[in-house]
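Hi everyone, thanks for coming. Let me put the structure up, and then we can walk through it together.

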Amino acid sequence: MRIRKRKREGVALANVGDQPRAETGINTSSTMVAKCSEPSNSLPFTMEMALRHPPMTTASAPPATMDAPAPVPAAATAAFRILAAVSVCHMLNDMVQSLLPSIYPILKSSFRLNFGQVGLLTLTYQVVASLLQPFIGLYTDRRPMPYALAFGMCLTLVGIATLAIAPTFGLLLVAAAIVGAGSAIFHPESSRIARIASGGKHGFAQSFFQVGGNTGSAVGPLLAVFIVLPQGQHGVAWFSIAAIAGIFILYRVGKWRSHHLSRATPTHVRVEPRHHLPRRTVIAALCILATLIFSKYFYLASLTSYYTFYLISRFGVSVRSAQLHLFVFLGSAAAGTLFGGPIGDRIGPKYVIWGSILGVLPFTLLLPHANLFWTGILSAIIGFVIASAFSAIVVYAQELMPGRVGLVSGIFFGLAFGGAGIGAAVLGRIADMTSIIFVYRVCAWLPAIGLLTGLLPNLDRQRS
């Protein structure tokens, strides 16, 4: 009986990785072997977890860093509140940041900008965000910074205030860079918090977190219609209220994070991936995922940055009508994000990537040839389908690189921002040389890159 009891405790301890402990480098999808002086009933393990993930050797696994204790079932409600808090702040953050593309028609008229300069604004914001995010994610993997989220929102506040009063194009670029820096700090750290509070449902947590951002991106242009459009550039200052609210909430999230870090114990544990893929295969898979993210956001740049111009140029609609169409597209993208993660939890993230990127190709090919009514319908379908890919890609990459949650989040959020920024600049230049309608005809073929998904390894098969 004593031997059987010790075996059961060993199996349970071998599955610590299934609990939400990924906050400082221990991935929740990994298994681990550890010695623990605490009683076994202080950890929320189940026999189902023990049977699903047997103990593994750890000869080649990287050492894990200090981590906070996993939340017990009694703390599940508190963990969901934290997940909801970072999702709400993601909404506030992206709502504020979506103002930049939303007011492009106003800035273009006020500062007499061409499409190339409009693209340069997007490029400045996106490139600053994309270059900083991987480094911030890697740094906070090694040195946790509980209040980094609140600091990032402070930078966003400064950027928005500068954008509201900028008298020259040069200062507009400075404001875009500051907003990008705030975004670079916010996204990898908030994605880590979402994974910590996931309770093992990583796809759902990423989707729930992402839907906050997409909702904010959808609401931003709508609010710009009623707040910024009547008042002009200075109306942007009203959105400082949202940034201040985000700072307050994220400060409370930082206190929660700091409390859990203070309970961490320097237990020497080792983690091993749940897959058995060679390093070369992992690198190749990450390159494919990076290409898919880049192509996805390169295409989305044609909609988020130039959709209003496309509608005005082709159909002669008003700025207000064009921004309402943009709101419909972004709202559909928010809804698609919410569905992508839970579906990935059930059928696997690879199949969600297949369907969301390659599956949108017929609709993107039809879009440049549709009338105004069908353009609105097709753009809503495109937004819903293609948005479901991101959370699946992030979860798939985190399973490829266990223990590197911040780095993975930083890389892929950075690629998303970089792809959108480069896409906006390149497409703006092409639009100046040809026409905005020509841009949409060329971009319609980008989702065909989704065929590369077939080269990704099947992680579910590797775990068995």
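Let me start with a definition: a residue is buried when its relative accessible area is under 20%, exposed over 50%, and partly exposed in between, using a 1.4 Å probe and protein chains only. By that cut-off Glu 189 counts as buried, because its relative accessibility is 2%. Arg 192 is buried too, at 0%.

Before going on, a word on the source: this is a predicted model, where local features need pLDDT of at least 70, side-chain atom pairs count only at pLDDT 80 or more, and totals for chains, interfaces and linings use all residues. Residues are numbered from 1 along each chain as its sequence is written, and side-chain values use heavy atoms, leaving out hydrogens and water.

So what does Glu 189 form with Arg 192? A salt bridge, with the closest N and O atoms 2.8 Å apart; the term needs a side-chain nitrogen of Lys or Arg within 4 Å of a carboxyl oxygen of Asp or Glu. The search of the whole structure finds 1 salt bridge. Both partners lie in helix α8 (residues 169-196), 3 residues apart, about one turn of the helix. Helices here are DSSP runs of H or I with at least four residues, strands are E runs of at least two, and both are numbered from the N terminus.

Zooming out, the protein chain has 20 helices and 2 strands, and 57% of its 464 residues are buried.

Finally, Leu 121: setting aside neighbours within four places in sequence, its contacts (heavy atoms within 4.5 Å) include Leu 100, Tyr 104, Phe 169 and Ala 176.
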